[in-house]
Amino acid sequence: MPSPACETRRTANSLRKPSRRSNAFSSEITPTRAPYAPPGAQGAVPARRRRALVVARRPAIRCETTARPRRRDRMSHRTPTLTVGLVGAGGMARAHAPAWRALGADLVVHSHDGAADVAAAHGGRAAATLDDLLDAVDVVDVVTPTPTHLAVAGAALAAGRHVLCEKPLTRTGADGATLLAAARAADRQLYPGHVVRYFPEYARMRDAVRAGAVGTPAVLRFARGGAFPTWSAWFADEARSGGVVLDLMLHDLDLARWVAGEVTSVHATRRSLDADGAPRTLAHVVLTHAGGALSHVRGLWGAPHTSFRTSFHVAGNAGTLRFDSAESGGVRTDLAPVPTGGEDRPAPAAGERESPYLTEIREVARAFVAAPTALAPDHPLHPRASAVDGVVAVEIAEAALGSIASGEPVALDTAARVRDLGGVPEAAPHRLATTGSPA
């Protein structure tokens, strides 16, 4: 019987599925086949006949328990060679591509424009159509504009490929649920690109809160802002991008739920103006958590000279944790002294230089290599952000947009929604009594 280590070092080609369903592509992608329809939907296209893969298969990676594995095979540094299909050639493609290459992956890039440049910059090759890319790859990384995510990720899942999809998972929560259903019907892995969960300051803050470092969390504040993204017109079209709330603030809406637990109410405001042809938008969202904590999330698309900056401040009845990217020194603490024999406080992360995108993609790649099918939520290699998390984050952002439109709070029950989607709700780290005092 093979050793557990042997089980994780399976050949990457085992992820491929010899037949692919028909699917659809957005106008951003070169179309070559019939439209994708969700499993069971009217107009869904049946699986086509099997056909040979365009690329030659590599020999399986050998597993030898008596000899030290080659560096290329050690999961601690590199994954068994995957061929990754990068769909998109914008800023996020240029963030993801070097991470995949650092892990030893081969890259195939397809985009409406710019694929050859991204491929050349990172030692990959360009594919003329999405069909060609899907024939040549083991897994797919979707880094296209938000309104194309459903079509492109749906096509990849229907082709039997695991998918990493940049945030937001989809433009709407309904589309996210459709994509989740498609992943389950195909028995393939689907993960959202919630990269801020992998920033060391945020990850350590969450661990510290969950360990009780601040006692009972009461108020959490998250801020994120930079210049208005005028470099691409679709950002300013809320129908396509979801605006600052969905495109930028989704990171912190997701983090608030990840840290403080499920959400029961959302109240939001937004102010937009155009000064001398330069648009600016500021939004503020207040989340009420099931455990009694409040999260204040602020997002800014500002003037052209605005520097990108993020921060958090988490306060409980036993101390605070705070971070500001404009300062140095990592997470700052105001906590009670550590008891003799107690655990150390969170260490500063300022000296850590690994890209959070590399940390994220390494974790996702290990999951992809672990199994040719979907992983159970409690699998030890399941990434920290699930497809259910991706759907719920979009739905929280939609509730915020609804509150902005109505001027009223929007009731939400994300715990029930997570269960409906087949996930496990985030527990509140500590519960507040209705008076605000520790329970």
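What percentage of the 439 residues in the protein chain is buried? Buried residues, those under 20% relative accessible area with a 1.4 Å probe and protein chains only, make up 52% of the chain.

This is a predicted model, in which local features need pLDDT of at least 70, side-chain atom pairs count only at pLDDT 80 or more, and totals for chains, interfaces and linings use all residues. Residues are numbered from 1 along each chain as its sequence is written, and side-chain values use heavy atoms, with hydrogens and water left out.

Next, select the open sheet, where 6 strands run in the order 3-2-1-4-5-6 with parallel pairing; strands pair if DSSP finds at least two bridges between them. Strand 3 (125-126) and strand 6 (190-193) are its edges, each pairing on one side only.

Within the sheet, select residues 83-87 and 139-142: strand 1 and strand 4 pair there over 4 bridges. Gly-85 stands opposite Val-140 in strand 4.

Then select helix 5 (residues 149-158), which packs on the sheet and touches strand 1, strand 4, strand 5 (162-166) and strand 6. Contact means heavy atoms within 4.5 Å.

Finally, select helix 6 (residues 173-186) and helix 12 (residues 387-406), which pack at about 170° with axes 8 Å apart. The axes are lines fitted to C-alpha atoms over the stretch in contact, and angles between N-to-C directions run from 0 to 180 degrees. Among the residues in contact are Leu-180 of helix 6 and Val-391 of helix 12.

Conventions:
Helix = DSSP H or I, 4+ residues; strand = E, 2+ residues; numbered from the N terminus. Buried < 20%, exposed > 50% of the residue type's maximum accessible area, 1.4 Å probe, protein only.
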